[in-house]
Amino acid sequence: MKTLRIILKKEFRQIFRNSLLLKVIFVAPLLQLIVLPWAANYEIKNISLVVVDTDRSGFSRELVSKISASGYFVVKENTSSYEQAMAFVERDEADILLQIPTGFEKKMVRESHQKLLMVANAINGTKAIVGSAYLGSVIRDYNGKLRTEWLNGGGPAGGIEITSSNWFNPAMNYQVFMVPGILVMLVTMVGGMMSALNIVKEKEIGTIEQINVTPIRKYQFILGKLIPFWIIGMLVFSIGLLISRILYGIIPEGNLLLLYAFLAVYLIAVLGFGLLVSTYSETQQQAISIIFFFLMVFNLMSGLFTPIESMPEWAQWIARINPLTYFIDVMRMVVLKGSGLRDVWSHLAVIGGMAVFVNFWAVLNYRKTS
Amino acid sequence: MEREKVIYARNLEKRFGDFIAVNKISFEVESGEIFGFLGANGAGKTTAMRMLSGLSIPSSGEALVAGFDVYKFPEKIKQNIGYMSQKFSLYEDLTVRENIHFFSGIYGLSKQEIERRGKEMIEKLGLEKEADKLVRDLPLGWKQKLAFSVAILHEPKLVFLDEPTSGVDPVTRRQFWDLIYDASDKGITVFITTHYMDEAEYCDRISIMVDGVIEAMDSPFKLKQHFGVTSMDEVFQILARQAKRSDN
């Protein structure tokens, strides 16, 4: 115990003396938390639209003005030449082309149905799909309005109208959805990277050899390395929670204690992973390359940005062995839905298992004697 | 009365795959001796030293260090030795005093002992003004003297020094050897590797390793006599010239 205390004292001194490291640990993640949620947004806005209106009727003008009033579209050009409009799409200056054919108004009045042509520039697939869907719904909306006006008192005949309400995130605010996940990502990066680099640094400058030739036990050295970053991880997370409250108005619905209990176990797993990487690397450069590779995969395959359900089967398996997946899920459950222990205990068990596994492996692989 | 054997090695061998780094070496070092462990680069000195200090497990052979078997009790050995590696081994981002406290603390010295010995050491090295400066800011010669003093602060039976004076100026080297003699007077056995032949002359006994084998071992005087030369440098030249895997 006394030895451990001496080691911890040294570690904290070194960490708090390194001002660059402190900035990387505390300032960088928080800046990211302030900036990233605004960019990590699925909502598509400013879709540029070219309209080919050869009808030039009251109806076509009304439709176009309704589209631009929706707030999602910027009507770039309203022309009567298809070729001219298509050139916009080809030059990548327009996302969607909408053609309103000649006789649109007449046909609508007489036959009450008409086909419109929509051409989406699918280079940016998300924008194309979401944009087409938005456009479709604006047109349907317009269509419905026309019908209601025509049918005398009957209302839309036999139509089933679907209304939806968004639970847990009533305003469909993407920040509310993203911030808890991004916070997990940041805590993971700080924990995984710092612990690995710290140990490898001692290898690189040779002080680990000096440690290995002293009576310091293996577990004392490892605990001495992990405990400071465990505490720092907790601190970063707490500051992050505070920022999401102040900046994004996110107040956890569920039990904070449960959140911290999960974090405590989660950090052990992440730090163990960092330790494992450090046992396989000789230089900080090697360690950072390995960590970077895994963090990229972890971040992108965690359900943070894209839903896991829409990944192919094999990718879902990767997501299932990714610790981030579980914590992001738990964060969203506890923070947004107010889930309790009963809802998250299986996640907790998985992360606990990972923590034991990865630390066991790392300790086995860490040698004082070669 | 025969003196206590601090190191006892019989047919000690270390292989890395097909490469035999240390080829069945046998030797003994007695308590209080200053034992020079010489050899060209790549001769196997550091590997042998790592085996004796419990950092590396031998492939075969036997060895007792400070009375403990290197296979069974490497951690007991570590409690009883000091070690100064080729790479600078103090924490550059800690102060002189913090390094002293850390390294003596992990050997289990009491608070009062740490204070007393630390103060004594700082005075002896004349580092009073630098005690609260980061080690990073000290000149190399001072760093090396400090590293050595820290390595023997827990008063081990034996200290391993791996090229402790490389890159250090002649005056500081001389001062460094004064520290070695002081340690030896206190009864600490010194096991040192060096490339400086004038330093070899300061040792009580020397072994010269060539290609993983100990080619010669005796006092500097007897070695010179045996090869019929006047300096250790010439002895070393004669032996090291046979080396096949030296990189010099």
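How much area do chain A and chain B bury between them? In this predicted model, the answer is about 2600 Å², with 54% of it on carbon and sulfur atoms. The views below take us through that interface and then to a residue of chain B.

**View 1. The interface of chain A and chain B.** Here 27 residues of chain A are in contact with 32 residues of chain B. On the chain A side, look for Gln210(A), Val213(A) and Pro215(A): together they supply 23% of the area that chain A buries against chain B, more than any other three residues.

View 2. Chain A and chain B share 4 salt bridges. One to find is the pair Lys201(A) and Asp93(B), whose closest N and O atoms are 3.8 Å apart.

**View 3. The side of chain A that touches chain B.** Three elements of chain A each give two or more residues to this side: α1 (2-17), α7 (174-205) and α8 (207-212). Of these, α1(A) gives the most, with 8 residues. Sorted by class, this side of chain A has 7 nonpolar, 9 polar and 11 charged residues.

**View 4. Ser207(B) and its surroundings.** We now turn to chain B, where Ser207(B) lies in strand β9 (residues 205-210). With a relative accessible area of 0%, Ser207(B) is buried. Leaving aside residues up to four places away in sequence, Ser207(B) touches Phe35(B), Gly36(B), Phe37(B) and Leu38(B), as well as Ile214(B), Ala216(B) and Met217(B).

Conventions: Residues are numbered from 1 along each chain as its sequence is written. Chains are lettered from A and ligands numbered from 1 in the order in which they are written. This is a predicted model: local features need pLDDT of at least 70, side-chain atom pairs count only at pLDDT 80 or more; totals for chains, interfaces and linings use all residues. Side-chain values use heavy atoms; hydrogens and water are left out. Helices (H or I, at least four residues) and strands (E, at least two) are DSSP runs, numbered from the N terminus. Buried means under 20% relative accessible area, exposed over 50%, partly exposed in between (1.4 Å probe, protein chains only). Contact means heavy atoms within 4.5 Å. Buried area is the accessible area (1.4 Å probe) that two parts lose on being put together, summed over both. A salt bridge is a side-chain nitrogen of Lys or Arg within 4 Å of a carboxyl oxygen of Asp or Glu. Ala, Val, Leu, Ile, Met, Phe, Trp, Tyr, Cys and Pro count as nonpolar, Asp, Glu, Lys and Arg as charged, and the others, Gly among them, as polar.
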